[in-house]
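Try each one yourself before reading on.

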Amino acid sequence: MAESPFKADIERVQKEYSEKMTPGAIVYIPGSSVVNKTGGWRVFMPQFNREKCIRCFMCYTLCPEPAIYLDEESYPVFDYDYCKGCGICANECPTKAIEMVRESK
Amino acid sequence: MAVRKPPITTREYWAPGHAACAGCGPAIVMKLATKAFSEAMEEKYGDPNAFAIAHATGCMEVVSGVFPYTAWKAPWIHVAFENAGAVASGVEAAWKKLGRKGKILAIGGDGGTADIGLQALSGMLERRHNVVYLMYDNEAYMNTGIQRSSSTPYGAWTTTSPPGKYSIGEDKPKKWVALIAAAHQVPYVATASIGDPYDFYRKMKKAASVDGPAFVQVLAPCVPGWRIPPEKTVEVAKLAIETGIWPLFEIENGDFHNIKFQRFPKDGKFKKPIEDYLRLQGRFKHLFKRPEAIQELKNQVKEMWRILGKEVELP
């Protein structure tokens with residue numbers, strides 16, 4: 001399983017972020033919004049069927065978060081920490097390899 | 001099976017965890033625009049990070065910069081509503097003085113570009129600064145609660161153009177900032193839509209690699225403002241191209257006689273009716289009780305194509 005491209009950012013913000021106000025209120029850590037795990041917004045959850053995937057990269061291109069990254073074989077991996085469950089990936093998938101199912105917790 | 005390479009770069013400049021709605025169209029624009037920009041910078045200067053962003057107030061500025069966090073992984077400056085063009089000009093001039101190589105990306109919504117920031121944009125284009133201005137067009141002031149802008153299309157509901165007994169909603173035609181920008185005779189002006197993401201990606205790359213100012217206007221549907229379900233964002237943008245309501249074109253050096261069109265039907269006949277595009281959106285719901293308003297919208301679309309030099313037929 002491939003690693004999220006934002007893993008380094010998550011580690012950095014956990015290590016360096018402090019509550020202390022910086023001069024001019026400048027935000028020094030790029031991409032620090034990764035601490036907000038927006039996956040909690042989700043009602044429907046994308047479920048991926050690897051057999052049906054033709055690797056057209058449409059879901060990877062169109063995810064607004066981005067909560068989809070690619071593994072070593074260029075198959076999409078869904079990052080459920082951030083996926084808001086909008087369903088664009090399932091709607092645009094040409095082979096219907098992604099299905100939205102209601103999430104139960 | 002061989003590993004396929006994605007058609008867009010895997011470098012990320014737009015991090016998750018931002019506060020945009022589920023299914024946000026402009027968020028897709030931000031992601032693709034920065035990726036395309038970095039690819040162009042790598043090809044031109046050998047450094048994918050050789051760019052900075054000046055961002056006018058708007059939805060994407062608000063959701064990406066919730067203090068004390070930022071969703072950007074590139075140098076980014078938030079400026080007031082009206083002066084994204086002016087600040088981008090200043091940053092570009094400073095980079096020139098410092099001898100730094102690279103290009104500046106200015107981003108504004110349709111309110112920050114078509115209404116409030118038009119003067120700064122015009123100045124930036126006229127002074128020939130090496131800046132790309134990206135206008136993400138969600139066709140109203142969505143951040144403050146869906147007020148009409150001059151880029152709102154005819155017939156659309158907004159909170160300041162409510163339809164009723166004496167009103168059909170917005171009653172004026174859409175203002176095309178891309179044509180205003182092209183009239184400055186700048187090297188590159190284009191319109192795009194997230195309904196065709198690779199076309200937008202190519203145009204953004206082209207805009208970033210020309211010398212001098214460029215302007216890209218991209219259609220980015222807004223889930224709460226257009227009253228659409230979140231999964232239909234890209235579908236609506238696609239229908240906008242297929243029904244002819246959103247033209248895809250490129251104008252180089254202000255040459256209106258040689259406009260390049262993308263995805264334009266060869267015989268000028270669009271296959272899908274404009275009603276298909278309107279039906280998906282709650283903001284046009286009232287139009288179906290008023291066929292004369294839909295006819296008026298069609299006349300305006302035909303007129304827009306005539307100005308662009310094409311005779312079209314709409315079903």
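**Exercise 1.** Does Lys103(B) count as buried or exposed, and why?

*Solution.* Before starting, note that this is a predicted model, in which local features need pLDDT of at least 70 and side-chain atom pairs count only at pLDDT 80 or more, while totals for chains, interfaces and linings use all residues. Residues are numbered from 1 along each chain as its sequence is written, and chains are lettered from A and ligands numbered from 1 in the order in which they are written.

Step 1: recall the cut-offs. A residue is buried if 20 or more other C-beta atoms, placed from the backbone, lie within 10 Å of its own, exposed if 12 or fewer, and partly exposed in between.

Step 2: apply them. Lys103(B) is buried because it has 25 C-beta neighbours inside 10 Å.

Step 3: Lys103(B) belongs to strand S3 (residues 103-109) of chain B; strands (E, at least two residues) and helices (H or I, at least four) are DSSP runs, numbered from the N terminus.

Step 4: list its partners. Leaving out residues up to four places away in sequence, Lys103(B) touches Met41(B), Phe51(B), Asn130(B), Val132(B) and Ala208(B). Contact here means C-beta atoms, placed from the backbone, within 7 Å.

**Exercise 2.** Which residues of H11(B) are buried, and why do they line one face of the helix?

*Solution.* Step 1: find the helix. H11 of chain B covers residues 291-307 and reaches 25 Å from first C-alpha to last, close to the 24 Å expected at 1.5 Å a residue; that expected span is 1.5 Å times one less than the number of residues.

Step 1: pick out the buried residues, which are Leu297(B), Lys298(B), Val301(B) and Trp305(B). Viewed down the axis of H11(B), they fall within an arc of 100°, so they line one face. The arc is that of the directions from the helix axis to the C-beta atoms.

Step 2: recall the geometry. An α-helix has 3.6 residues a turn, so residues three or four places apart point the same way.

Step 3: check both sides. The buried residues of H11(B) pack against helix H10 (274-279) of chain B, whereas Glu292(B), Gln295(B), Glu303(B), Arg306(B) and Ile307(B) are exposed on the other side.

**Exercise 3.** How many residues of chain A are in contact with chain B?

*Solution.* Step 1: count each side. Chain A has 35 residues in contact with 33 residues of chain B.

Step 1: find the top helix. H3(A) gives the most to the side of chain A that touches chain B, with four residues.

Conventions:
Two residues are in contact if their C-beta atoms, placed from the backbone, lie within 7 Å.
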